Each structure stands twice: as C-alpha cells, then as structure tokens.
Amino acid sequence: MNTIKLDNRKISPSKIVCVGRNYVEHIEELNNDIPSEPVIFIKPNSSISDNLCFNKNDAIHYEGEISFLIQSGDLYGIGFGLDLTKRDVQSKLKAKGLPWERAKSFDKSAVFSSFVPFNGNIQALRMELYINGNLSQQAGYELMLNKPAEILDEVKKNFSFEDGDLMMTGTPSGVGAIQIGDQFLGKIFEGNKLLVEGAWTVQ
Ligand code: ZN
C-alpha cells in the first residue's frame with residue numbers, strides 16, 4: 001500500500017476523495033459550467049506517489065489543492081496536494097460523458113506534502129503553488145464554492161471515510177502542464193502562518 005506522512009507517522013489512505021469545479025476562475029479557464037452540486041471523484045491508494053513524474057505519452061497538468069486528512073469522519077490534518085490530470089484525455093472523456101478515471105486515477109496522479117494536525121481557523125486557510133520560483137496558483141477558503149465541511153457532508157451521503165483517507169478541495173485558476181526539471185513548491189497557510197509545505201522536481 002502507498003503511504004503519506006502525518007507528522008512522522010506513515011498512513012495508508014484507502015482512497016482520496018476529490019472535488020472538481022470548486023473555484024469559479026478555474027471553471028471559466030476550462031470552459032466548464034458551474035455545477036449545481038459538487039463534482040466528486042475518487043483516486044485509489046495506487047495513485048499516491050512521492051514523486052512528480054513526467055509522462056511522455058500524455059501531457060499531465062498540475063492542480064494544486066488544499067487537502068485534508070480525515071479521522072473519525074472529520075477533518076483532522078492538512079497538507080498540500082497535487083491532483084495530476086491528463087487534460088487531453090479528460091477533455092475527450094468529458095465530451096463523451098464518460099467516467100474520468102483514465103484522466104484522474106492513474107498511478108502517480110496524487111502527490112502530497114506531509115500532513116499536520118489542524119484545529120485552527122479553517123476560514124483562514126489558503127494555498128500557494130510556486131513553479132520555478134513563480135507564483136502560479138493561489139486561493140483560499142473564501143473563494144471555494146463548496147466549503148470543506150460542506151464537501152465532507154456531501155461525500156458522506158455517498159461514501160464512508162476510513163481513518164487516514166484524504167479529501168482534496170479543488171484547484172483554483174492557473175493550471176498548466178508539467179515539464180521535466182520544473183521545481184514545484186506548494187504551501188498551505190493559516191492566514192500568514194505557514195502550516196506545511198512540499199517540494200518536488202519533475203522527473
Ligand atoms: Zn482537482
């Protein structure tokens with residue numbers, strides 16, 4: 001089983017529950033409609049990776065996301081996640097109304113920083129993603145269409161959470177393709193306080 005780190009403990013999430021189309025500007029950059037209910041999809045444990053990997057066959061887009069670790073059915077830990085997406089594949093699947101797994105749930109499609117316990121002010125949460133030193137994505141709680149507690153409730157109507165499962169809360173605008181050698185630095189803040197960060201080089 002693949003693992004992530006909560007502080008220094010290794011955890012094997014059974015799944016990652018993801019929400020799509022949760023920031024208006026990102027919905028607009030992909031020419032999608034604002035959904036009437038949250039768009040939910042799942043990545044399996046096999047999608048988790050420590051490494052950010054280029055794929056020569058299919059262009060892979062990064063999506064930086066505020067990510068939660070779930071314990072006892074509630075938000076417990078926080079980390080930075082990359083929801084990697086084969087955008088061309090996804091566009092074809094979307095056009096045909098087909099499921100997204102080929103574009104979203106492939107091996108190494110979910111890359112995470114360490115997680116840390118969080119019981120602070122959830123409304124002050126925000127993320128920043130730097131690529132090669134340039135700020136490429138930034139957003140926070142106030143811009144989410146569905147807030148984390150609402151996503152959690154919506155997901156629970158459909159799936160149960162195992163302890164250690166992860167929940168990704170969607171990406172803001174600024175997505176793009178990864179290139180070999182790109183340096184990624186993702187940060188999660190509570191207000192101005194850095195909670196956790198992760199760094200990767202595309203290989
Ligand atoms: Zn995403």
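Biologist: What makes an open space in this predicted model a pocket?

Modeller: A pocket is an open set of grid points with protein on both sides within 12 Å along at least five of seven lines. The largest pocket here has a volume of about 270 Å³.

Biologist: Which residues line the largest pocket?

Modeller: A lining residue has an atom within 4 Å of a point. The lining consists of Asn2, Thr3, Ile4, Lys5, Lys10, Ile48, Ser49, Asp50, Phe112, Ser113, Ser114 and Trp200. Strand 1 (4-6) and strand 5 (48-49) are the elements that give two or more residues to this lining.

Biologist: How many residues of each class are in that lining?

Modeller: There are four nonpolar, five polar and three charged residues.

Biologist: Why is Phe184 called buried?

Modeller: Buried means under 20% relative accessible area. Phe184 has 2%, so Phe184 is buried. Phe184 sits in strand 16 (residues 183-190).

Biologist: Which residues does Phe184 touch, leaving out those up to four places away in sequence?

Modeller: Contact means heavy atoms within 4.5 Å. Among the partners of Phe184 are Leu52, Tyr62, Leu82, Ile131 and Trp200. Trp200 is also one of the residues lining the largest pocket.

Biologist: How far apart are Phe184 and Lys10, in sequence and in space?

Modeller: They are 174 residues apart in sequence. From C-alpha to C-alpha, the two are 23 Å apart.

Biologist: What makes a set of residues a nonpolar core?

Modeller: Its members are buried residues of listed nonpolar types, joined through side-chain atoms within 4.5 Å. The largest such core has 35 residues. Ile66, Ile78, Leu82, Phe184 and Ile188 touch the most other members. Strand 12 (125-131) is among the elements that give two or more residues, and strand 12 provides the largest share, four residues. Another core, of 15 residues, lies apart from it, with Ile4, Phe41, Leu166 and Met168 among its members.

Biologist: Which residues touch Ile188, beyond four places in sequence?

Modeller: The contacts of Ile188 include Ile66, Ile78, Phe80, Leu125, Met127 and Leu195.

Biologist: How do you know which atoms are donors to the zinc ion?

Modeller: Donors are N, O and S atoms within 2.8 Å of the metal. Glu63 (OE), Glu65 (OE) and Asp83 (OD) coordinate the zinc ion at 1.9 to 2.1 Å. Those distances are within the cut-off, so these atoms count as donors. Along the chain the donors follow the spacing E-x1-E-x17-D.

Biologist: Are Glu63 and Glu65 buried or exposed?

Modeller: Glu63 has a relative accessible area of 5%, and Glu65 has 1%. Buried means under 20%, so both count as buried.

Note on methods:
Residues are numbered from 1 along each chain as its sequence is written. This is a predicted model: local features need pLDDT of at least 70, side-chain atom pairs count only at pLDDT 80 or more; totals for chains, interfaces and linings use all residues. Side-chain values use heavy atoms; hydrogens and water are left out. Buried means under 20% relative accessible area, exposed over 50%, partly exposed in between (1.4 Å probe, protein chains only). On a 1 Å grid over the protein atoms alone, a cavity is a set of points where a 1.4 Å probe fits but cannot get out, and a pocket is an open set with protein on both sides within 12 Å along at least five of seven lines; lining residues have an atom within 4 Å of a point. Grid points are joined across faces, edges and corners, and a volume is the space filled by probe spheres set on the points. Ala, Val, Leu, Ile, Met, Phe, Trp, Tyr, Cys and Pro count as nonpolar, Asp, Glu, Lys and Arg as charged, and the others, Gly among them, as polar. Donors are N, O and S atoms within 2.8 Å of the metal (3.2 Å for Na, K and Ca); water is not among the atoms, so sites may look incomplete.
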